[in-house]
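The following exercises are to be worked with the sequence and the three-dimensional structure at hand. Each task is followed by a solution in steps.

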Amino acid sequence: MSHGTRSGLAAVSSALLAMSRHLEVRDVLKTIVASARELLDAQYAALGVPDDHGGFAQFVVDGVSDEQWKAIGPLPRQHGVLAAMLREARPERLADVRQDPRFEGWPDAHPELADFLGLPIRDGDEVIGALFLANKNCRKPEGSCGFTAEDEDLLGILAQHAAIALTNARLYERSRELTIAEERSRLAHELHDAVSQKLFSLRLTAQAATALVDRDPARAKEELHQVAALAAEAADELRAAVVELRPAALDEDGLVATLRTQIQVLDRAHSARVTFTGHGIRALPAAQEEALLRVAQEALHNALRHSGAAHVQVVMARRGNGVVLRVTDDGDGFDPTTVRRAGRHLGLVSMRDRASGVGGTLTVESAPGKGTAIEMEVPGG
């Protein structure tokens, strides 16, 4: 095996490992494009995921600055050589894309592309993307393509694995959407049960006050005070549930700010004292941040609804190269060895699945009458 072949395989291996580290579709696309450009030493690389309307649902580029990309304008349509790759599902290796009869031009701010190598990304018989490179960084005779047949073979290997990575990322996002839908359904039932009970009590108390207002005004006044208290509790229950139902603004505010805001609301809505401490936490990958947020929400739900705790404490901190989340309460506690009961009633199985799904770990410390501590640790903070 030649040195060139070994180095090419090593580069492909590095690219595949990079792709396997990401679960978000956008992150996978960016990794594929950057890996392809670096692997084949091209000036530009791009990957388009087609939609069903003649355009692209997503289009990721590498080698173009943010300013250039904004100046280029809207996403391209499925036309010219890109359309041919998507329609005919075959590679395209051209000495000068501008001389191809299918070339239809590009916006004024678009960089000048010359030699071109493109491949469809296929999942079985379905074309799920188009990956292409332009302007190989090498000396090339006039009218010849800088990309070689070996380059095409390497990009073909990358495209095959890109199809697997992209399909897995799509399945992950679909699974996450289903999980969120299940959580929303659970919260909707909880909202219905909690608020309906409060409103039912409020109606009975109001009826009692009405019956007493003439013959016992003092008792009626007490009942009306109770009506006001029940109405306030119902409003607090509703506010807390709405906060949980609202999508977390992780992209805009970050994990620490989002968690702090939710805990402040829960502290106001419940009789238990709920506190949060978290400083010096760098941004994490989106999947890890969401998993940490959902585990924190589940642990808080357990503590506030089932434990009878007077104080619930949430702490996020650095630990080595990772981040640890710890939710503790001084409530009733339980026996963690009773896995079946704990998993069914406290969502421990779900929390463990979330932790392991992002490469983290979850530990539970509890005993009857001793409170509970749930700790989740993820790498890379």
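Contact here means heavy atoms within 4.5 Å. The model is a predicted one.

**Exercise 1.** Determine which residues M316 touches, leaving aside those up to four places away in sequence.

*Solution.* β7 and β8 are antiparallel partners, joined over eight bridges.

**Exercise 2.** State the order of the strands in the five-stranded sheet, and name its edge strands.

*Solution.* Step 1: the order is β6-β7-β8-β10-β9, in an open sheet with mixed pairing. Step 2: β6 and β9 each pair on one side only and are therefore the edge strands. Step 3: from one strand to the next, the twist averages 10°. Step 4: β10 is joined to β8 by seven bridges, in the antiparallel sense, and V324 stands opposite E377 of β10. Step 5: β10 also pairs with β9, again antiparallel, over six bridges; here V364 has I374 as its bridge partner. Step 6: five residues lie between the strands of the β9 and β10 hairpin, where G369 has a positive phi near 80°.

**Exercise 3.** Identify the helices that pack on this sheet, with the strands they meet.

*Solution.* Step 1: α8 lies across β6, β7, β8, β9 and β10, and runs at about 175° to β10. Step 2: α10 packs on the sheet by touching β9 and β10, its direction making about 145° with that of β9. Step 3: the buried residues of α10 are L348, M351, R354 and A355. Viewed down the helix axis, these buried residues fall within an arc of 125°, so they line one face of α10. Step 4: after α10 comes G359, with a positive phi near 80°.

**Exercise 4.** Describe the largest nonpolar core and say which element gives the most to it.

*Solution.* Step 1: the largest nonpolar core has 37 residues, and L259, M316, L325 and M376 have the most contacts inside it. Step 2: the elements that each supply at least two residues include α7, β6, β7 and β10. Step 3: α8 gives the most, with ten residues. Step 4: another core, of 29 residues, lies apart from this one, and among its members are V28, V49, V60 and L154. Step 5: returning to β10, six of its seven residues are buried.

Note on methods
Residues numbered from 1 in each chain as written. Predicted model: local features only at pLDDT ≥ 70, side-chain atom pairs only at ≥ 80, totals over all residues. Heavy atoms only, no water. Buried < 20%, exposed > 50% of the residue type's maximum accessible area, 1.4 Å probe, protein only. Helix = DSSP H or I, 4+ residues; strand = E, 2+ residues; numbered from the N terminus. Arc of directions from axis to C-beta. Core = buried A, V, L, I, M, F, W, Y, C linked by side-chain atoms within 4.5 Å. Pairing = 2+ DSSP bridges. Axes fitted to C-alpha atoms, helices over the stretch in contact; angles between N-to-C directions.
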